Each structure stands twice: as C-alpha cells, then as structure tokens.
Amino acid sequence: MNATETRRYIRCGHCQDYHSSIAEVRECSRTRQAPASQPVAEVPAPRPEPATEGMYRLNGVIFKVQIAVHGNGRPYAKRLVQDGDAWSFEYAPGAIRQLNSTHRLTLEQAKEFGALYGTCCVCGRTLTNEASIEAGIGPICAGKF
C-alpha cells in the first residue's frame, strides 16, 4: 500500500472497534447503549472493634481483658475459672485475638452472672454482703464497670 491508499482509523472507546472518522465514533456513542453496569462488589461488613479493658463472654466463658503493666503495655485476657468453691482469673493465651466489642458484657449481664453464682465476675471474689449478692456485683466493681 502506498501513502494515498492508507486510511486512518480511530479506536472507539464505546465498542472498542475502529471507525474511519470522528463522526462515526460520535454516532456509535449515541446509538450504543451504555454497557450494563458491573455488579457492585459487596462491601464487607466493618470489623468489630478489638477488645479493650473490660469483661467479655465468649462461648459461655467469662474473660477479663486488662493492659499489661510490665512489658509491652498491650491488652491480654484472663479466663474466669472455678476451683472448688473459689473463683479466680487465669491467663488465657491467644484469647485476646478472639475477643471483640460484640462479646463485651453489659453491667446487667455481669450482675446476672454474679447473682447466679454468688461471685463477682469483675474481680472473682465471693459476694458476702446481702446487698451485693442481691445486686450480683460488689459496689467497688459496679463503680468500675
């Protein structure tokens, strides 16, 4: 082909084909319907906030999250365990990664636990005062909650 036989083509952004003139490209854009919109990707639900200091329940187990005083200052979790008649908290390795804001106990849930077991779920002590037993939580821990 020589120079006089060569035609210029314009690539259309609508149909991705080649047209011989700008007028054809414009006409293509008018006659062609816009491509069907792509399905919108579902936006994942926001992740719950990680656990901060407080009381949590996961799979029926009560956890206390606190900040490490010595060392790195990161939060860690302790599990409430019963040893005979006494209750205490013991370190629960890896539990902090499973806990989040959706597992946090409300004051009412903490009181319900205390009334059921006669133990404060915040500190693990046996409730001895009649008012505390009835309330399900000691006055000091209720103030902290």
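Thr 119 lies in the loop that connects helix 2 (107–117) with helix 3 (130–135); helices (H or I, at least four residues) and strands (E, at least two) are DSSP runs, numbered from the N terminus. The model is predicted, so that local features need pLDDT of at least 70 and side-chain atom pairs count only at pLDDT 80 or more, whereas totals for chains, interfaces and linings use all residues. Residues are numbered from 1 along each chain as its sequence is written, and side-chain values use heavy atoms, with hydrogens and water left out.

Thr 119 counts as buried because its relative accessibility is 1%; buried means under 20% relative accessible area, exposed over 50%, and partly exposed in between (1.4 Å probe, protein chains only). The side chain of Thr 119 forms a polar contact with that of Trp 87, at 3.0 Å. A polar contact is a pair of N or O atoms within 3.5 Å; within protein, one must be able to donate a hydrogen and the other to accept it, and residues adjacent in sequence count only if both atoms are side-chain atoms. When residues up to four places away in sequence are not counted, Thr 119 touches, among others, Trp 87, Phe 113, Arg 125 and Leu 127 (contact: heavy atoms within 4.5 Å).

Strand 3 (residues 54–58) and strand 4 (residues 61–67) run antiparallel and are joined by five bridges; two strands pair if DSSP finds at least two bridges between them. Arg 57 has Ile 62 of strand 4 as its bridge partner. The two strands form a hairpin with two residues between them, and Asn 59 in the turn has a positive phi of about 55°. Strand 4 also pairs with strand 5 (residues 75–83), in the antiparallel sense and over five bridges. Here Gln 66 has Tyr 76 of strand 5 as its bridge partner.

The largest nonpolar core comprises 14 residues, and those with the most contacts inside it are Met 55, Ile 62, Leu 80, Cys 121 and Val 122. A nonpolar core is a set of buried Ala, Val, Leu, Ile, Met, Phe, Trp, Tyr and Cys residues joined through side-chain atoms within 4.5 Å. A second, separate core of nine residues includes Ala 51, Leu 58, Phe 63 and Leu 99.

His 103 is located in the loop between strand 6 and helix 2. With a relative accessible area of 18%, His 103 is buried. Apart from neighbours within four places in sequence, the contacts of His 103 are Met 55, Tyr 56, Arg 57, Leu 58 and Gln 98.
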